[in-house]
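Please view the structure alongside the text.

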Amino acid sequence: MTATTKTAHEPETKRTFEVPKHPEWPILTEDEKEALKDRIKRLLKKENAVLVAHYYTDGDLQDLAEETGGCVADSLEMARFGSVQNAPTLVVAGVRFMGETAKILSPEKRILMPDLNATCSLDEGCPPDQFSAFCDAHPDRTVVVYANTSAAVKARADWMVTSSIALPIVTHLKDKGEKILWAPDKHLGHYIQSVTGADMLMWEGSCVVHEEFKSVALERVRKLHPDAAVLVHPESPAAVIDQADVVGSTTALIKAVTHMANKEFIVATDEGIFHKMNLLAPDKVLIEAPTAGHGATCESCGHCPWMAMNALQTLAATLETGANEVHIDPAIRERAVIPIQRMLDFAKRQAKLSKAS
Ligand code: 13P
Ligand code: SF4
């Protein structure tokens with residue numbers, strides 16, 4: 001069978017959701033910042049809570065998560081780490097699907113988030129009712145959804161994947177002869193399709209941050225830095241991915257900076273990742289891949305406006321008041337846990353195999 005990539009879902013030309021402006025947090029003095037961090041540490045202890053943060057959140061939050069026994073990670077590890085914690089409360093600093101995934105995996109725990117309005121353009125661009133109709137129209141396909149979706153969309157899926165495990169899972173499904181219905185990120189989907197050759201029917205979603213990386217401008221920056229390695233998150237457009245030395249999840253891109261011999265790296269992903277890269281490889285030079293620029297729109301600055309809603313102030317307030325708790329309809333949770341657990345079990349088997357080899 002010849003593998004095909006088809007696009008059946010035609011998106012609305014007009015966006016149905018707003019991309020917010022970046023919140024403008026008051027600038028704190030070092031003393032104020034330290035006092036706030038101490039307050040958060042005390043509150044985490046008092047509430048017996050563990051902080052789980054994504055690499056795109058503010059650097060202070062990332063440090064706090066690690067200093068207090070939590071973790072900073074990519075979406076897959078955030079889900080796995082959260083699910084094996086004994087603490088009764090998890091505070092998820094990231095975007096809503098990350099908090100929802102934690103709640104789906106640990107319904108007995110209290111899941112708090114600094115701001116429940118922190119969503120994601122991929123999640124917003126895949127409304128559950130339209131997605132459900134898309135699935136109904138293609139009952140012969142295995143439904144694979146990206147983590148960046150609502151609980152209700154996951155409830156319609158056979159598998160959930162994150163950027164760090166999408167390739168092996170799709171390869172596994174292709175080897176079993178399965179045809180795939182993929183949602184929502186078309187760029188990640190096309191990348192996976194181009195590598196695996198799987199038969200994938202795509203939803204037409206995209207990340208408003210990664211879509212802004214510009215391929216022609218990137219060519220120019222590469223000419224200025226001919227020895228730099230180009231690191232690209234696969235939510236970026238194909239013309240940007242085509243120029244990459246490494247394409248991968250946030251964790252894979254951080255590993256590349258620490259393991260590769262290059263001195264310079266051009267990085268096409270959210271700028272929040274530079275915090276961890278700088279900590280682990282302070283001698284390396286990190287260059288932001290070009291976007292349409294700060295002068296264009298909020299989306300063109302290389303930083304996710306929803307991730308930016310996570311701040312020391314909102315984290316402290318959430319812990320103090322218990323506000324912003326994530327709730328999931330139990331009927332949706334019962335169905336949505338299946339594709340997520342399937343992914344985690346697959347990841348566990350993979351880890352065992354790579355340890356054994
Ligand atoms: P990772 O799973 O690679 O961390 O990506 C999550 C994300 O939202 C990227 O935009
Ligand atoms: Fe969603 Fe893009 Fe923000 Fe990641 S960077 S959370 S994909 S909008």
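The chain is assigned three domains: domain 1 (5–17 + 122–208 + 332–356), domain 2 (30–118 + 307–329) and domain 3 (210–301). The model is a predicted one. The points below start with the contact between two of these domains and then turn to the ligands.

**Domain 2 and domain 3**
- The C-alpha centres of domain 2 and domain 3 are 27 Å apart.
- In the contact between them, ten residues of domain 2 meet eight residues of domain 3.
- On the side of domain 2 that touches domain 3, α2 (59–67) and β3 (71–73) each contribute at least two residues.
- That side of domain 2 consists of five nonpolar, three polar and two charged residues.

**Ligand 1**
- The residues around ligand 1 are D74, S75, N148, T162, S163, S164, C207, H233, E235, S249 and T250.
- Eight polar residues, two charged residues and one nonpolar residue make up this shell.
- Domain 1 (5–17 + 122–208 + 332–356) and domain 3 (210–301) each provide at least three residues of the shell around ligand 1.

**Ligand 2**
- Ligand 2 is surrounded by 14 residues, of which the closest are C120, S121, C207, V209 and C304.
- The shell around ligand 2 comprises nine nonpolar, three polar and two charged residues.

**Helices α4 and α15**
- Helix α4 (residues 96–105) packs with helix α15 (residues 330–356) at an angle of about 100°, and their axes are 9 Å apart.
- An angle from 65 to 115 degrees counts as roughly perpendicular, so α4 is roughly perpendicular to α15.
- T101, I104 and L105 of α4 form the contact with R333, A336, V337 and I340 of α15.
- By class, the residues of this contact are five nonpolar, one polar and one charged.

**The site of D115**
- D115 is located in the loop between β5 (110–112) and α5 (121–124).
- A residue is buried if 20 or more other C-beta atoms lie within 10 Å of its own; D115 has 21 within 10 Å and is therefore buried.
- Apart from neighbours within four places in sequence, D115 is in contact with M309, N310, T314 and N324.
- D115 and A311 are 196 residues apart along the chain, yet 9.0 Å separates their C-alpha atoms.

Note on methods: Residues numbered from 1 in each chain as written. Chains lettered and ligands numbered in written order. Predicted model: local features only at pLDDT ≥ 70, side-chain atom pairs only at ≥ 80, totals over all residues. Near = placed C-beta within 6 Å. Nonpolar A, V, L, I, M, F, W, Y, C, P; charged D, E, K, R; others polar. Domains from an automatic or database assignment. Axes fitted to C-alpha atoms, helices over the stretch in contact; angles between N-to-C directions. Helix = DSSP H or I, 4+ residues; strand = E, 2+ residues; numbered from the N terminus. Parallel < 35°, antiparallel > 145°, perpendicular 65-115°, else oblique. Contact = placed C-beta atoms within 7 Å. Buried ≥ 20, exposed ≤ 12 C-beta atoms within 10 Å, placed from the backbone.
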